[in-house]
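Let's take a walk through this one together. Keep the viewer open and follow along as we go.

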Amino acid sequence: MFAALNYGIPRRAQEKGALELEYWDPRCYTTDVHRTVDDTPYGGGPGMVMKVAPLQAAIAAAREKLPKATIIYLSPQGKRLDHATIAQLSETPELILLCGRYEGIDERLIALEVDAEYSIGDYVLSGGELPAMVLIDAISRHLPNVLGDSDSAIEDSFVDALLDCPHYTRPAEIAGKSVPDVLLSGDHAAIKQWRLKQSLGRTWERRPDLLENRAKQKTLSKLEQSLLEDYKKDSGRS
Ligand code: 9D3
């Protein structure tokens with residue numbers, strides 16, 4: 001599954017030596033002929049639960065390589081991953097990412113081994129591997145000397161908690177839809193202000209929760225307030 005990490009930014013992070021990935025398959029740490037990693041739940045009910053012993057052995061093997069690692073369990077019961085957590089984890093030198101399948105992992109393994117539990121959102125996936133890849137991709141972008149100059153100028157919208165403005169490239173007209181005039185004007189101050197207005201407006205329309213968070217931290221500047229008022233008037237929804 002993890003072949004996706006051999007592309008794009010995570011690949012570059014590995015080539016630069018900023019990111020090193022290794023995998024421990026719990027099935028390799030079983031002791032029975034069927035290589036059993038799951039069993040029926042105590043108390044009954046549907047599905048299967050991952051057994052402690054194979055996971056504990058896999059974690060012990062990982063710890064040989066990573067004695068100081070923080071163990072993160074990707075699970076629907078975790079705190080939602082966000083930009084601040086990614087920034088913090090990107091400064092943690094060793095991580096063991098624990099991925100579950102089936103209904104989940106025996107709670108005692110979590111109590112014994114896990115330092116933190118994270119979810120990537122409120123929807124049901126089939127296991128923790130894709131969330132682990134999401135985490136690794138997001139961390140890769142924060143590691144030193146990984147983003148090239150053209151990428152690093154682009155810091156994500158979540159740094160200052162506004163959504164990004166719309167982007168355009170050639171041609172200047174497609175199917176009767178033209179690029180906004182200001183972007184062709186060469187007036188860099190006007191372009192900057194238009195982009196800020198679009199960011200504020202889109203955040204107001206699509207993610208009012210972000211705008212409220214931002215207002216709590218530092219009230220919108222006078223300029224930002226008036227740009228947003230203009231956007232609302234233009235949209236006819238104020
Ligand atoms: C349909 C099964 N659900 C019954 C109430 C519980 C359930 C168990 C295991 C739901 C999903 C999973 C597998 N998911 C993950 O391991 C997972 C996950 C996710 O499903 N959504 C968002 N983030 C994450 S992180 C790990």
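**A tour of the model**

Let's start with Tyr-231, which is buried, at a relative accessible area of 11% (buried means under 20% relative accessible area, exposed over 50%, and partly exposed in between, with a 1.4 Å probe and protein chains only). Before going on, a word on what you're looking at: this is a predicted model, where local features need pLDDT of at least 70 and side-chain atom pairs count only at pLDDT 80 or more, while totals for chains, interfaces and linings use all residues. Residues are numbered from 1 along each chain as its sequence is written, and side-chain values use heavy atoms, with hydrogens and water left out.

What does Tyr-231 pair with? Its partner is Trp-204, and the two rings sit edge-to-face, 6.5 Å centre to centre with 80° between the planes. For the record, rings of Phe, Tyr and Trp (its six-membered ring) pair if their centres lie within 6.5 Å; planes under 30 degrees apart count as stacked, over 60 as edge-to-face and the rest as tilted. This pair links distant parts of the chain, with Trp-204 in helix α7 and Tyr-231 in helix α9, 27 residues apart. Helices here are DSSP runs (H or I, at least four residues), as are strands (E, at least two), and they're numbered from the N terminus.

Now zoom out to those two helices. The axes of α7 (residues 188-206) and α9 (residues 222-235) come within 9 Å and cross at roughly 65°. Those axes are lines fitted to C-alpha atoms, for helices over the stretch in contact, and the angles run from 0 to 180 degrees between N-to-C directions. The helices are therefore roughly perpendicular to each other (angles of 65 to 115 degrees get that label; under 35 is roughly parallel, over 145 roughly antiparallel, and the rest oblique). On the α7 side, the contact includes Leu-196, Leu-200 and Trp-204, while Leu-227, Leu-228 and Tyr-231 are among the α9 residues they meet; contact means heavy atoms within 4.5 Å. Sort the residues of this contact and you get seven nonpolar, four polar and seven charged. In that sorting, Ala, Val, Leu, Ile, Met, Phe, Trp, Tyr, Cys and Pro are nonpolar, Asp, Glu, Lys and Arg are charged, and the others, Gly among them, are polar.

How many aromatic pairs does the whole structure have? A search finds two. Besides the pair above, Phe-2 and Tyr-23 form a tilted one, 4.9 Å centre to centre and 35° between the planes. Phe-2 is in the segment before α1 (8-15) and Tyr-23 is in the loop between α1 and β1 (38-39), 21 residues apart. Tyr-23 is partly exposed, at 44% relative accessible area.

Leaving aside neighbours within four places in sequence, Thr-36 touches Thr-30, Lys-51 and Pro-54. Arg-35 is also in the loop between α1 and β1, and its phi is near 55°, a positive value in a residue other than glycine.

Most residues other than glycine have a negative phi, and most peptide bonds are trans. Ala-175, in the loop between β6 and β7 (177-178), has a positive phi of about 50° and counts as exposed at 79% relative accessibility. A cis peptide bond, with omega about 5°, joins Arg-170 and Pro-171; Pro-171 lies in the loop between α6 (149-152) and β6 (173-174).
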